[in-house]
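User: I would like to learn how to read a few backbone and packing features in a structure. Can we go through them one at a time?

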Amino acid sequence: MTQEAVFDEVARSVGQLTRAELPGRLARLDSPASAEAWQDLAPVLARYGLDVRPETRALLAEPRATARILGAVAQECAGVASALWADYAAWLPFLLAGAEGVCESDGGGCPGSVGYMAGGTLRLAREADGWRLSGRIGLAFGASASRELTVYAESESEGAFVRIAMNGAGEPEDNLGLRACRLRPGLEVDHTVVGPKILVQSLDGARVLRRRCESIALGWLATIAAANGRAALRGAQAYAGERYQGGGLLAQNPVIRHLLGSAEMRVEAAACLAEHALEQTESGKLPTLAKVFATQMGEQVCLDAIQCLGGYGYMRDYGLEKRARDAKTLCTLAGSNVHLLAEAGGSAEEVAPRG
Amino acid sequence: MADVYSWLGRKMFAKKGWRDPLKAPRAVERFRADLREWLQREVAGDVDRLDQAHEEAHQMEVLRKGARAGWLTLLVPTRYGGEFRLMDFFRHGLLKGVVFTEELAAACSGVAVLYGAHTLGLLPLFLSFDPKILKKFLPEVAKSCRGERPGLFAFAITEPSAGSDVEDPEGSKGARLTTFARRKDGGYVLNGRKCFISGGNLAEFVTVFAALDKARGVESWTAFVVRRGTPGFSVGRIEDKMGQRASPAAELIFEDVFVPDDHRVGPEGDGWRLNQQTLDLSRPGVGAIALGAARSAFEKTLAWARGQGHLSDRLWQHELGDIAMKLEAGRTLVWRAAVTFPPDPALSAMSKCFASDVAMEACSRLIDLTAPFGAARPFGLEKAYRDVKLTQIYEGTNQIQRLKIAEPWLADGGGASA
């Protein structure tokens with residue numbers, strides 16, 4: 001099967017998945033019982049081709065194709081899309097290095113089985129019977145049922161991507177949003193890695209690979225944020241087209257029209273920048289700017305969508321409050337927006353124009 | 001130099017009786033200190049449970065504690081057994097009220113609304129300037145607050161198809177009202193539904209607004225007090241809200257509910273005035289709720305940043321400085337609105353709109369600053385974020401508030417300057 005054929009099949013599957021499987025599961029995925037809900041959902045996601053199986057690995061290594069999948073899932077549930085994001089981002093270094101075979105975990109690529117560690121570097125040391133990893137991971141993020149984590153470690157001359165078990169991580173925290181996923185605080189690492197769960201490269205090579213992986217992950221997050229915002233906007237537009245206020249349809253009210261127009265402008269700008277960033281994954285700066293911009297715009301659009309519905313927007317039944325909570329939580333992933341902007345502002349790298 | 005400044009302050013300003021308009025009088029500050037101590041003792045430990053579960057008995061327990069402390073009778077004159085003294089009002093306006101609300105919201109904004117909705121329900125009675133109705137209900141409220149079930153009031157204006165319409169003079173002309181009252185011997189018969197009524201399911205008395213004439217809409221609006229347990233009056237669904245979950249939002253159903261004449265608040269057709277003046281008085285309080293929740297989030301962030309050693313970082317200093325500046329500007333506006341009497345509708349709208357907007361911005365930025373920990377429940381910022389969002393919506397969305405600010409210019413033919 002060609003890569004295009006695989007992509008078409010997965011794209012069709014995602015459409016069917018979001019229509020048929022996700023809507024009935026959203027409430028449980030957005031609750032403290034999300035780990036059980038995820039256990040139920042994971043085989044369904046795998047059935048729809050969203051696991052990291054041999055046929056889809058080449059596809060996942062193509063950032064824009066994966067972005068379309070994540071965006072389509074985020075239109076229904078940003079939490080599920082973010083869990084897949086963490087999973088794919090954790091696989092990415094192995095996929096890009098063509099070394100995925102060395103890291104088959106017990107889950108065998110089951111969706112959401114691997115979590116993502118943002119930032120931070122562990123210490124790496126060669127030992128007689130393997131590699132020693134030590135240090136502290138500040139925080140891991142992944143599906144509420146994920147069992148493993150990809151971490152990055154460096155010695156003086158080498159860098160390594162390593163798959164480790166989540167055992168020992170703190171109890172998962174309940175988040176503001178993206179509750180299909182969990183943040184896991186502090187994990188002390190001090191053990192020897194033996195066997196195939198490690199990808200070691202020269203220090204320069206590993207750093208280039210890491211930067212590329214982080215850029216792609218940021219671009220994917222930007223895509224999820226824009227898709228979540230777009231879905232909130234569609235909800236507000238539909239409401240405004242049906243609701244009477246002040247003797248006319250809400251959609252005829254110039255204040256609401258301005259609000260919706262402004263939201264649409266923000267969503268489209270965020271989506272464009274995300275797409276542009278995924279064309280330039282060698283750059284560290286543009287994906288950073290795209291992530292910050294898209295998550296900020298996504299949050300604002302969701303909050304404005306709630307305003308459009310007034311009291312109804314604040315109630316769980318209408319789904320927009322979940323979109324807003326998800327949007328705010330997206331701002332906090334893979335580095336805080338405040339610090340990412342300060343980092344980008346201090347970088348001398350020039351962003352290439354589009355086209 | 002610092003000594004010269006403080007000497008000047010003492011000699012030239014304090015001795016002349018000059019008072020900093022932005023500083024609460026000593027009596028209000030004492031009240032704040034007592035309230036903080038009470039909140040720490042009686043409410044702080046309950047906040048998580050109130051946020052996570054809808055337990056009517058638990059909400060009632062919080063109300064009972066507040067009633068015994070006198071918080072539910074702050075507006076009830078002493079002659080009826082409450083705490084309200086006219087002289088205090090002349091001295092401080094509503095300043096004590098907004099300080100009270102900010103402190104409650106800093107502990108839990110849901111609890112602030114739980115108590116605040118009661119005040120909102122009582123205000124139309126005062127604004128009717130009808131001593132008979134005050135005498136009829138206020139002694140009962142005061143007495144019940146010393147008992148097992150406080151006689152809580154609720155304020156019912158919002159209807160399923162008329163939310164912003166009943167808060168916006170322009171929109172109200174086309175409002176699709178569904179709650180009506182018709183005359184019957186010795187009183188009125190009410191039919192219809194109200195929705196999103198804060199504390200509606202807990203209240204002993206509900207101040208309900210109903211139209212007498214479909215064609216005249218809100219122009220015929222009239223306010224009535226409906227007692228809990230009146231035949232035909234029932235509570236429908238309790239909403240599952242994003243935040244402020246300690247305060248239930250209830251649907252109220254009226255099916256041929258008979259209300260006697262002496263339960264009517266003000267004359268027939270006076271409902272729109274009562275509604276507008278009530279909201280003019282209460283909007284600074286909504287701003288105070290927003291500021292209280294955001295202040296609490298700010299204080300938590302500051303303590304965490306200090307513990308982590310972030311305060312020496314210039315970026316942290318800049319962000320926290322900017323947020324503090326905006327919250328202080330919001331408080332200034334809320335206080336100015338609170339000491340303006342009679343209330344200036346545009347100023348009230350500004351205070352609610354600006355304070356809730358800056359508070360929302362503050363919560364959002366504090367979560368960004370502390371990311372990713374700030375989005376986790378135990379940190380406490382996510383609750384403030386969820387809670388503050390509602391202050392941009394109720395008592396008229398902030399879009400409606402901006403139109404309200406522009407209203408005086410329309411009255412002047414659109415040509416007057418601000």
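User: Which residues in α2(B) meet which residues in α6(B)?

Analyst: First, the ground rules. This is a predicted model, where local features need pLDDT of at least 70, side-chain atom pairs count only at pLDDT 80 or more, and totals for chains, interfaces and linings use all residues. Residues are numbered from 1 along each chain as its sequence is written, chains are lettered from A and ligands numbered from 1 in the order in which they are written, and side-chain values use heavy atoms, with hydrogens and water left out.

Contact means heavy atoms within 4.5 Å. Helices (H or I, at least four residues) and strands (E, at least two) are DSSP runs, numbered from the N terminus. From α2(B), Val28(B), Phe31(B), Arg32(B), Leu35(B), Arg36(B) and Leu39(B) take part. They meet Lys96(B), Val99(B), Phe100(B), Glu103(B), Leu104(B) and Ala107(B) of α6(B). By class, this contact has eight nonpolar, no polar and four charged residues. Ala, Val, Leu, Ile, Met, Phe, Trp, Tyr, Cys and Pro count as nonpolar; Asp, Glu, Lys and Arg are charged; the others, Gly among them, are polar.

User: At what angle do the axes of α2 and α6 of chain B cross?

Analyst: Axes are lines fitted to C-alpha atoms, for helices over the stretch in contact; angles run from 0 to 180 degrees between N-to-C directions. Here the axes of α2 (residues 26-42) and α6 (residues 95-107) of chain B come within 10 Å and cross at roughly 25 degrees. That makes α2(B) roughly parallel to α6(B). The cut-offs: under 35 degrees is roughly parallel, over 145 roughly antiparallel, 65 to 115 roughly perpendicular, the rest oblique.

User: What about phi? Is Phe129(B) buried or exposed?

Analyst: Most residues other than glycine have a negative phi. Phe129(B) has a positive phi of about 50 degrees. Its place is the loop between α7 (109-127) and α8 (131-144) of chain B. At 64% relative accessibility, Phe129(B) is exposed. Buried means under 20% relative accessible area, exposed over 50%, partly exposed in between (1.4 Å probe, protein chains only). Phe196(B) also has a positive phi, near 55 degrees. Phe196(B) lies in strand β3 (residues 187-198) of chain B and is buried, at 17%.

User: Which residues does a cis peptide bond join at Pro342(B)?

Analyst: Most peptide bonds are trans. A cis bond joins Phe341(B) and Pro342(B), with omega about -5 degrees. Pro342(B) sits in the loop between α11 (314-338) and α12 (345-369) of chain B. Another cis bond joins Ala371(B) and Pro372(B), with omega about 0 degrees.
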